[in-house]
Amino acid sequence: MAVAVARATTRVADFLRDHAPLLRKLQWGIVALYLFLLIVPAVMPLPDNSASVFNNLTIVAQFAFWGVWWPFVLVSMPIMGRAWCGLFCPEGMLTEWASERGQGHAIPRWMRWGGWPFVAFALTTVYGQLVSVYQYPLAVLAVLGGSTAAAMVVGWRYGRSKRVWCKYLCPVNGVFNLLAKLAPWHFKVDEEAWRHPVIRIQPVNCAPLVPLRHMKGAGDCHMCGRCSGYRGAIALTPRSPEAEIVHVASGDAWQTALVVFGMMGIAMGAFLWSASPWFVTLKQAAATWLIERDITWPLLDNAPWFILTHYPAVNDSFSWLDGACILFFIGATTVVVGGAIYLALWFADRVLGSPAPEGRTPWGGAGLHKLAQALIPAAGIGVFLGLSATTITLLKHEGVRAAWANPVRFTLLTLALAWTLRLAWRVMGPRAASPARRVAAWMLFTAGLVPFCAAWVLFFVTW
């Protein structure tokens, strides 16, 4: 059975390698559809209350981007690795196309900074909330269109036939990198075969700039298949979905920040604020305080649409106070949820009792960052549940009953949490000085997830 699966995966990878022109035509088709759904709704009138997915292109685009595309691209990562990036992503295609025709400058040092995946994710997530990216096509054009334009500029300026944008600056590169570590296959490198190739060596363009000889996991690989069979040493190979987290991935401070404070903190706040009665209470209290002091300018809703939501034709405009309260709510959620998880990681790392890893600081070291990798299933399902809430809302608008939604949501959340706890237990094993320390560290890790779970109960049940 294992041999048959290995042969099948090899045939798939070889097909991708040998049919690159066909795949590029497919990518251009996706680019055309993407640009159509991105641009055309932005120049159309806003839909009225009677508009639906059956009679309005804007609603079609909204459902395509936020009801189908983003939630299920996330789902594809732990199933197929970053195949979306390598085979379908319009931004990846456009930035590589621009790079093939660009100036080919060296990648600057500032672009190689390891914090960009976290910073880009955080800024895009927060900005999307301020301009209501899930509701309005102009906001979609600003967020997604702006990212695409930047990708093309970076591709034209830097690298030669490379996806420099995807490697360093893409707002979801870090998220995709983390989720792909759970994929049940990867391109495995046989180092002995690499050193002693027995076949003719054809040049390979690894567009996402992966160092092929030293490739160990699936996080950076775009699964495009171009390197399949290279030097007789690279093959698409099945593996345990836990193998990379337990045996390969070590993590670093920026990946920990992205998981803990980005995917489980900032994203949670972005999903919660619009449903929270606490947000309404906060805004009312702030407005009362301002009025009592005769400070009225924050109550004005005169910001342009590309800074704060401003669509007076449909009675939907954010005041400066709205924007400030959104930022505060997201920040507070990040501190509470992300802070609890980080403290749990910090204490668990101390309790494990193994010798201090190199590079440890008072805020954590290599052991803590390795432990944070176990959070990837829970973080991933959290982002999926938040995005799929838009899917459910759109389906309800079309008259689809959704009584099944909450049971499915909590089943998925439970399974992801169980997987996270299992991964944590396995990651702790080699470090634990005694079974008692391992159990204590695992319980601390578990306790840190309580605010994260409570937030989902509030979102889907209480509010």
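Predicted model: local features only at pLDDT ≥ 70, side-chain atom pairs only at ≥ 80, totals over all residues.
Now widen the selection to the whole helices, residues 116-130 for H6 and residues 320-352 for H14. Their axes come within 10 Å and cross at roughly 140°. The crossing of H6 past H14 is right-handed.

Next, colour the domains. The domain assignment gives domain 1 as 1-180 and domain 2 as 247-462. Between their C-alpha centres the distance is 23 Å. To see where they touch, look for 40 residues of domain 1 in contact with 39 residues of domain 2.

From here, go inside. Select Phe65, Leu144, Phe176, Phe445 and Phe452, the residues with the most contacts inside the largest nonpolar core, which has 107 residues. Helix H12 (residues 253-272) gives the most to this core, with 12 residues. Both domain 1 and domain 2 supply at least three residues each to this core.

Zoom in on Phe452. Which residues is Phe452 in contact with, leaving aside its neighbours within four places in sequence? Show Met264, Met268, Val337, Ile341, Ala378, Gly382, Leu413 and Leu417, and you have them.

For the last stop, select Phe187, Trp194, Cys221 and Ile234. They are among the 20 residues of another core, which lies apart from the largest one.

Definitions and conventions:
Residues numbered from 1 in each chain as written. Heavy atoms only, no water. Axes fitted to C-alpha atoms, helices over the stretch in contact; angles between N-to-C directions. Helix = DSSP H or I, 4+ residues; strand = E, 2+ residues; numbered from the N terminus. Left-handed = near helix turned anticlockwise from the far one by under 90°. Core = buried A, V, L, I, M, F, W, Y, C linked by side-chain atoms within 4.5 Å. Buried < 20%, exposed > 50% of the residue type's maximum accessible area, 1.4 Å probe, protein only. Domains from an automatic or database assignment. Contact = heavy atoms within 4.5 Å.
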